[in-house]
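Trainee: Could you walk me through a protein model by asking where things sit and what touches what? I'm ready to look whenever you are.

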Amino acid sequence: MCDTLVALPKRTRSGNLILGKNSDREPLEAQAVVHLPRRLTSEKEVQCTYISIPQAKETFEVILSKPFQMWGAEMGVNEFGLVIGNEAVFTNVKFDKKAVGLTGMDLLRLALERGKTAKEALKTLVTLLNEYGQNACGGYQNQDFYYHNSFLIADPDQAYILETAGKSWAYRQVESLGSISNGLTIGEDYQEVHWEKEPRTIQKLFAGKHLNFREYFSDLLYTTAGKSKSRQACTLDFLSKREKLSVSDFFQGLRQHNHPEGEFDPKKATTGSICMHATGFTNPSDTTGSMVAEIRKDRATTVWLSGTSYPCLSLYLPVYFGTSIDSPVLLPGGNPDESLWWQAKKVHQIILKNYSKLQPDYRKRLDEIQQKWLEKDRELIDKSPSNEELSRFSNSCLHQYLQFLREIQG
């Protein structure tokens, strides 16, 4: 499960577009933070997660959060302020597992590497979808996990929601606030739609009329089990109750458990949480990475990335374009190592054993650090800093976070 939310400039305190996303994956699927430069290449093909496709002559600078073992990314931003988050959606379109295609994460990364605006990214996504399809396993240890994808795509001025089912798709523009949460939401309110003649499962017997994209393609069983409506209502309600939104509001929104205050128990968590805690077969996912991006037109964009699981137990690190950050500790492997992700995991396991007692004080300490980072970020951006200054700040935050985690471990 995942949640992605956006506020257009007219709804933010800073007048900048803000997009946030939680990436919910298998609990031990570590998530890497990757910063790739703009590149001119003579390579004819690029190897994606399962298939290779023709490579673009130029790929743009991107900052990504991605499952450590996959080529594609769950979320990311490029140097032009294009930002995208993707979600699994469950449809009644059959998968042809012999005709392997691109993953939703591949599609997201390709759109970021090749597009400058949300409209360009939208065109790239539907073009690649039409050519290569999305018959691809999206799981890690679970090799039977197949799904289709929705995307929240934004640039400094506008945002779009794109939803897919096989090679069929529909999109609409976001007017002010937007949110997606593992379910098709576009009915007949699309700006453009493409209907492919899709082979469908027995779930088609419960489908609605053809003109309604959501009703026609939704798989009711998995969509209902994932509580996508509940989570989307939670995030939209959270956003709409605030007249002007800030980055810290997005941090708070992504930490929600969609549960009465003070009553949350990770051991009894469900798929209704925004900050996801796995409990077993019916609730198999953890939030393994999180991002909040403030997209500025005339000044440096700040990409806040957790690089860790569980936003309720995490900080967000500031990352900037044109800079370098200590990448080895942001690149975890498949087993416990010295990376930020796995070091945080050790601390999280300590707190989860007695969450109600330990989390409030731990969260208070994190909030004190986070607030100082937010203030320093604003101070730096207001002074039009050099890339070197931004790089120093970013690396100092990373090293402070690692030291904090070591102290907790004793």
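Trainee: In which loop does Lys-227 lie?

Mentor: A word on the model first: it is predicted, so local features need pLDDT of at least 70 and side-chain atom pairs count only at pLDDT 80 or more, while totals for chains, interfaces and linings use all residues. Residues are numbered from 1 along each chain as its sequence is written, and side-chain values use heavy atoms, with hydrogens and water left out. Helices (H or I, at least four residues) and strands (E, at least two) are DSSP runs, numbered from the N terminus. With those names in hand, Lys-227 is in the loop between H4 and H5.

Trainee: Is Lys-227 buried, partly exposed or exposed?

Mentor: Buried means under 20% relative accessible area and exposed over 50%, with partly exposed in between (1.4 Å probe, protein chains only). Lys-227 has a relative accessible area of 36%, so this residue is partly exposed.

Trainee: What is phi of Lys-227 near?

Mentor: Most residues other than glycine have a negative phi. Lys-227 is a residue other than glycine with a positive value, near 50°.

Trainee: And what is phi of Tyr-310 near?

Mentor: Tyr-310 sits in the loop between S17 and S18, and its relative accessibility of 6% counts as buried. Here too phi is positive in a residue other than glycine, near 55°.

Trainee: What is the relative accessible area of Asn-182?

Mentor: Look in the loop between strand S14 (177-180) and strand S15 (192-194). Contact means heavy atoms within 4.5 Å, and, leaving aside neighbours within four places in sequence, Asn-182 is in contact with residues including Met-1, Phe-90 and Arg-231. Asn-182 is buried, with a relative accessible area of 1%.

Trainee: How many of the residues of helix H6 are buried?

Mentor: Helix H6 covers residues 247-254 and is mostly covered. Among its buried residues are Phe-250, Phe-251 and Leu-254, and what covers them includes helix H5 (228-240) and strand S16 (286-295).

Trainee: Is H7 parallel, antiparallel, perpendicular or oblique to H8?

Mentor: Axes are lines fitted to C-alpha atoms, for helices over the stretch in contact, and angles run from 0 to 180 degrees between N-to-C directions. The axes of H7 (residues 340-352) and H8 (residues 355-382) come within 7 Å and cross at roughly 130°. Angles under 35 degrees count as roughly parallel, over 145 as roughly antiparallel, 65 to 115 as roughly perpendicular and the rest as oblique, so H7 is to H8 oblique.

Trainee: How many nonpolar residues has the contact of H7 with H8?

Mentor: H7 brings Val-347, Ile-350, Ile-351 and Leu-352, and H8 brings Tyr-355, Leu-358, Gln-359 and Tyr-362. Ala, Val, Leu, Ile, Met, Phe, Trp, Tyr, Cys and Pro count as nonpolar, Asp, Glu, Lys and Arg as charged, and the others, Gly among them, as polar. By class this contact has one polar residue, no charged ones, and a nonpolar count of seven.

Trainee: Which strand gives the most to the lining of the largest pocket?

Mentor: Strand S2 (17-25), strand S10 (83-89) and helix H4 (220-225) are the elements that give two or more residues to that lining. By class, the lining has 17 nonpolar, 13 polar and 10 charged residues. With four residues, the element that gives the most is S10.
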